[in-house]
Amino acid sequence: MINTLKNSPALLDFMDKLNAEKQRLLDVQVRDMFEQDKDRFNKFSIRNEGVLFDYSKNRIDEQSISVLIDMAKASRLEEMRDAMFSGERVNTTENRAALHTALRNKSDEPVMFEGKDVIPDVKAGLAKMTTFANAVRDGSYKVTGGAITDVVNIGIGGSDLGPRMATQSLREFNDGPRLHFVANSDATDLDDILEYIKPQTTLFIVASKSFTTAETMLNARNAKRWVEDAIGKENAGIHFCALSTNLEATKAFGIEDERTFGFWDWVGGRYSIWSAIGLSLMISIGPEDFDKFLGGAYSADQHFKNAPLDQNIPVMMALLGVWYRNVWGFQTQAVMPYDSRMSRFPAWLQQLDMESNGKSVLKSNEQTQLDTGPIIFGEVGTNGQHAFYQLIHQGTVIIPCDFLLATTGYGGQENRNMLISNCLAQTQALMMGRTLEEANGNPHRVFEGNRPSNTFLYKEVTPHVLGMLMAFYEHKVFIQGVLWGINSFDQWGVELGKELLHTIEPMLEEGNSHKAQNSSTQGLLDAIHEMKNS
């Protein structure tokens, strides 16, 4: 077992060298580097199983990349990568492994955790999911109204964002029952769905490992009452299944063990779509395509494990992110999928990146001296072009961008050509800009250019491609956590608000005499009572 604690990230030791590289490139235009090196695109692009990653439009050259690679090696990145894949407890603050990669392992090699190969249990869990998904899809699993027409996934965070995004992104492959997702404790989130489905033919998936998640269990109870009011309490249980390890709680809710699908402590919430949390996606696209989804992620895993660092897609993604965050001081990153069905990809990535690396304490328990996770935002193209691209092109801050683009898609070729042209035009405009001379002396039409972007290119959004893209971003986030010396696998920052919820909620009851801890909260509570009673 390697020592996963280190007092000072190697990145700190390399800051002088990296800042020297920044100064060397400060006045260099990327458009000029393309003119000087006709092979630049080939040098700074990487392919893996039908996915092309182009990072040639960044403020880098071979020398600066070499320094970044040396920094990654000094950070023991390869050792930490191997530790994660081999089941070591890289989640140091919770003393857990982070073995989500085992869930999509397609090899015959064992994956050991505490002396036990976890793969047989993973396969058994996948087989149980497959049997149930097939039964729901072919109608052999029946509820009170017969075959299931609608499936509602009730979860939040990782139990919602991943399955929701993937199901929407792979809509072309959705040939099962209609899928719906509920996450918010706002009653309208559930009510808006119940208005259009029938309780007699609906299956609810309650996704909560502990079966205690406040928002999820509130929505689950409301859904259960809705079913019971329509068909009676005695038959309501067959309309529910659970993604949980708390068998006592699921039974008390009325869900039998055969409809409860568990997973393991070494599966983090935002990495859980590859586990039973992906049941809704499997029901939607079918076990065969779900297997291709896992296969795409496995391909990304193998690439991360085996490709040289300078030919490694997630490594280059991570190094560029650190280069801009810590050396150039760019705080934000935008992600723009040019596919309407991938509109939830930025939201999924926000949780993956910002919940993982929004940290200020090192694994060694010291305060970090480095800025960590960037602010992630995005929108589907071409909508973003008519919203925030103005700031990206001509604003006073520089925002590195990721573009995701399919060469073929669904619908007419005219639409696809316009989509592709828009995407390529934006990446070119960001990089080349427009000089004052090119703008005919009009300063309002000048584009600074030299604004960095990456482009992912693939033929179409298939289960295999989507799985690969998601895993690449997972690994990027992990790598950056290693470089910053933080633990990417916990999320203690979300806990305090949850704890305070239980203190504040009773104060909403009429006649409660408890006072809030501060005058602002108390003033808001008083105003809430006043408005409710007016």
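These exercises, each with a worked solution, concern the predicted model above. Local features need pLDDT of at least 70, side-chain atom pairs count only at pLDDT 80 or more, and totals for chains, interfaces and linings use all residues. Numbering runs from 1 along each chain as its sequence is written, and side-chain values use heavy atoms, with hydrogens and water left out.

**Exercise 1. Describe the largest pocket: its volume, its lining and the helices that supply it.**

Step 1. On a 1 Å grid over the protein atoms alone, a pocket is an open set of points where a 1.4 Å probe fits, with protein on both sides within 12 Å along at least five of seven lines. Lining residues have an atom within 4 Å of a point.

Step 2. Take the volume, the space filled by probe spheres set on the points. The largest pocket holds about 1100 Å³.

Step 3. Inspect the lining. It has 40 residues. Thr-213, Gly-269, Gln-491, Glu-495 and Lys-498 lie nearest the pocket centre.

Step 4. Sort by class. Asp, Glu, Lys and Arg count as charged; Ala, Val, Leu, Ile, Met, Phe, Trp, Tyr, Cys and Pro as nonpolar; the others, Gly among them, as polar. The lining splits into 14 nonpolar, 16 polar and 10 charged residues.

Step 5. Assign helices, which are DSSP runs of H or I with at least four residues; strands are runs of E with at least two. H10 (214-231), H15 (345-357) and H19 (495-504) each give at least two lining residues. H19 supplies the largest share, four residues.

**Exercise 2. Find the buried residues of helix H9 and say how they are arranged.**

Step 1. Apply the cut-offs: buried is under 20% relative accessible area, exposed is over 50%, and partly exposed is in between (1.4 Å probe, protein chains only).

Step 2. In H9 (residues 187-194), Leu-190, Ile-193 and Leu-194 are buried. Down the helix axis they fall within an arc of 100 degrees, so they line one face of H9. The arc is taken from the directions between the helix axis and the C-beta atoms.

Step 3. List the partners in contact (heavy atoms within 4.5 Å). The buried residues of H9 pack against strands S7 (150-154), S8 (178-182) and S9 (202-207), and against H10.

**Exercise 3. Classify the ring pairs Phe-85 with Phe-304 and Phe-345 with Trp-348.**

Step 1. Rings of Phe, Tyr and Trp (its six-membered ring) pair if their centres lie within 6.5 Å. Planes under 30 degrees apart are stacked, over 60 edge-to-face, and the rest tilted. The model has 26 aromatic pairs.

Step 2. The centres of Phe-85 and Phe-304 are 6.1 Å apart and the planes stand at 50 degrees, so the pair is tilted. Phe-85 sits in H6 (residues 77-85) and Phe-304 in H13 (residues 287-306), 219 residues apart. Both Phe-85 and Phe-304 are buried.

Step 3. For Phe-345 and Trp-348 the centres are 5.2 Å apart and the planes at 50 degrees, so this pair is tilted. Three residues apart in H15, they are separated by about one helical turn. Phe-345 and Trp-348 are both buried.

Step 4. Widen the view. One aromatic cluster includes Phe-345 and Trp-348, with Phe-44 and Tyr-473 also among its members.

**Exercise 4. Is Arg-325 buried or exposed, and which residues does it touch?**

Step 1. Arg-325 is in H14 (residues 313-328). Its relative accessibility is 12%, so Arg-325 counts as buried.

Step 2. Not counting residues up to four places away in sequence, Arg-325 touches Phe-330, Gln-331, Asp-371, Thr-372, Gly-373, Pro-374 and Trp-484.
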